[in-house]
Amino acid sequence: MPADASLPSVPQDGLRRVARVLLLDPQDRVLLLHGHEPDDPADDWWFTPGGGVEGDETREQAALRELAEETGITEIELGPVLWQRVCSFPFAGRRWDQDEWYYLARTAQTATTAPGLTELEKRSVVGARWWTWRELAEAHETVYPTRLAELLRTLLDDGPPARPEVLDTEIV
């Protein structure tokens, strides 16, 4: 099968460097994107905005770029790295092995658009929603990272950690 030109290349160490954003609104709701397998809308999940580092950009630059591309939200100040995790999952006919850093950010801008989606994202991202931690805790949908409700509750109760918390590796 030929390589899909819309898929990013994988670094030599095998882990794609990814920056994700835990974006909170004034009511402490978190913004999640709704995605699915490109050829199977029934295989769906919710996830934080973010994506791979491109070229020589920093993770911070990647987080801001990805947030703007996927949500249209640019009026934020990027906060500290909250969590780091390694994950591996199948998507669009290949396995993705990622080293993800989750940045905290807040915004008053709650309307979303998706002005900069890639072709693959246009086939697999179907919307966005603001969630309370309680809605996440009671959700029956798949959400990544899988402990997001618990992590968000801890963040809201205790504030950001002094150092990024290393989350368990998730392999799907």
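I call a residue buried when its relative accessible area is under 20%, exposed when it is over 50%, and partly exposed in between, with a 1.4 Å probe and protein chains only. By that cut-off, buried residues make up 42% of the 172 residues in the chain.

Notes on the source. The model is predicted, so I note that local features need pLDDT of at least 70 and side-chain atom pairs pLDDT 80 or more, while totals for chains, interfaces and linings use all residues. Residues are numbered from 1 along each chain as its sequence is written, and side-chain values use heavy atoms, without hydrogens and water.

Elements. I looked up the helices (DSSP runs of H or I, at least four residues) and strands (runs of E, at least two), numbered from the N terminus. The chain has four helices and 10 strands. From the N terminus, I read their order as β-β-β-β-α-β-β-α-β-α-β-α-β-β. The radius of gyration (over C-alpha atoms) is 15 Å, close to the 16 Å of the globule rule (2.2 Å times the number of residues to the power 0.38), so the chain is as compact as a globular protein of its length.

Contacts. I took contact as heavy atoms within 4.5 Å. Of the contacts between residues at least 6 apart in sequence, 71% join residues at least 24 apart.

Helix 4. Which residues of helix 4 are buried? In this helix, residues 148-158, I found Leu148, Ala149, Leu151, Leu152 and Leu155. They lie on the same side of helix 4, because their arc (directions from the helix axis to the C-beta atoms) is only 165°. After helix 4 comes Gly159, with a positive phi near 80°.
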